Amino acid sequence: MAEAQRYLPGMPDDEEAIDDVFIDPGLEQEAERIAEALVFASAQPVPESYIASRIPRGVDVGRLMSRLKTAYAARGVNLVQVADHWAFRTAADLSFVVQTDEQAVKKLSRAALEVLAIIAYHQPVTRAEIEDIRGVQTSKGTLDVLMEAGWVRFRGRRRTPGRPVTFGTTRDFLDHFGFEEIRDLPGMEELKGAGLLSGRVPSNLHIPVPAGEDEFSDNEDPITQMDLEELGLLTPKAEEDD
């Protein structure tokens, strides 16, 4: 009986680990085809949870997607992970082939690049903290540009007087710059190697390790519908009902 159970998906023997359960190769192949189709058909990165809900039960979606990622690694399009989402993207070394003159390139001002870098490395961060790091005032227009680009979002509110809004990066930011997660941002040595830091940097210069995008700090609350209405970013429900 124990031997027979190993060939039934989702029914491991009590003495066997779930990972050792035999999954019909036909099911795994069908799961791969479904996952591949779901990601290919979507213009946006597809949540891993959505893929899991569409493939046959008993198939490990994480292991399945990693296998597909390896299969596409040497092809003209790559399967890339963006946080817990998946997407097909042109291989980095072939991007010049598909670029056209009509494609609009997002060009940010130096101020916007500085603010984006500060938010990426220091998130969650408030506007006052951004200004303190930069040493100059940050215009609302600079933050608006980054939010319209879809790279920066309101994260929450700081548990301090005035409850200032905190900013963080988005999944679109990760997707655009080719990061799986925010912790993939380059560190000190990588920045030096890319020529983005001179060899004469101050000895006390510290490149922070970004916190997880969805990890709220001890003094931060998630932003709510009421917060957005208070900030004038949404029409109050009472007015909508009228």
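The dialogue below takes up several features of this structure in turn.

Biologist: What kind of model is this, and how are its residues numbered?

Modeller: It is a predicted model, in which local features need pLDDT of at least 70, side-chain atom pairs count only at pLDDT 80 or more, and totals for chains, interfaces and linings use all residues. Residues are numbered from 1 along each chain as its sequence is written, and side-chain values use heavy atoms, with hydrogens and water left out.

Biologist: How many helices and strands are there in the protein?

Modeller: Helices (H or I, at least four residues) and strands (E, at least two) are DSSP runs, numbered from the N terminus. The protein has twelve helices and seven strands.

Biologist: How much of the protein is buried?

Modeller: A residue is buried under 20% relative accessible area, exposed over 50%, and partly exposed in between (1.4 Å probe, protein chains only). Of the 242 residues, 29% are buried. The accessible areas come from the Shrake-Rupley method with a 1.4 Å probe; for residues, only the protein chains shown count as cover. The protein exposes about 15600 Å², and carbon and sulfur atoms supply 52% of that area.

Biologist: What does one helix look like in these terms, for instance α6?

Modeller: The expected span of a helix is 1.5 Å times one less than its number of residues. Helix α6 (residues 110–122) has 13 residues, and its first and last C-alpha atoms are 18 Å apart, close to the 18 Å expected. Its buried residues are A112, V115, L116, I118, I119, A120 and Y121.

Biologist: How should I read a salt bridge?

Modeller: Side chains of opposite charge can pair when their charged atoms come close. The rule requires a side-chain nitrogen of Lys or Arg within 4 Å of a carboxyl oxygen of Asp or Glu. By this rule the protein has 14 salt bridges.

Biologist: Which residue pairs with E114, and at what distance?

Modeller: E114 forms a salt bridge with R134, and the closest N and O atoms are 2.9 Å apart. Because E114 lies in helix α6 and R134 in helix α7 (residues 127–134), the pair ties together parts that are 20 residues apart in sequence. E114 is partly exposed at 30% relative accessibility, and R134 is partly exposed at 22%.

Biologist: How far apart in helix α7 are E131 and R127?

Modeller: An α-helix has 3.6 residues a turn, so residues three or four places apart point the same way. E131 and R127 are four residues apart in helix α7, and are therefore separated by about one helical turn. Their side chains meet in a salt bridge with an N to O distance of 3.6 Å.

Biologist: Which parts of the chain does the salt bridge of D227 and R157 link?

Modeller: The side chains of D227 and R157 meet at 3.1 Å, N to O. This pair links distant parts of the chain, 70 residues apart: D227 is in helix α11 (residues 225–230) and R157 in strand β5 (residues 152–158). Both D227 and R157 are buried.

Biologist: In what order do the strands of the open sheet stand?

Modeller: Two strands pair if DSSP finds at least two bridges between them. Four strands form the open sheet in the order β4-β6-β5-β7, with antiparallel pairing. Strands β4 (125–126) and β7 (220–222) stand at the edges, each with a single partner strand, so one side of each is left without a neighbour in the sheet.

Biologist: How is β6 joined to β4 and β5?

Modeller: Two bridges join β4 to β6 (residues 165–169), and five bridges join β5 to β6. F167 in β6 has V125 opposite, and F154 also stands opposite F167. β5 and β6 form a hairpin with six residues between them, and G162 in the turn has a positive phi of about 90°.

Biologist: Are the faces of β6 covered or uncovered?

Modeller: Both faces are covered: V165, F167 and T169 on one side, and T166 and G168 on the other, are all buried.

Biologist: Which residues does P222 touch beyond its neighbours in sequence?

Modeller: Contact means heavy atoms within 4.5 Å. P222 lies in strand β7 and, leaving aside its neighbours within four places in sequence, is in contact with R155, G156, F216 and D227. P222 is partly exposed, with a relative accessible area of 43%.
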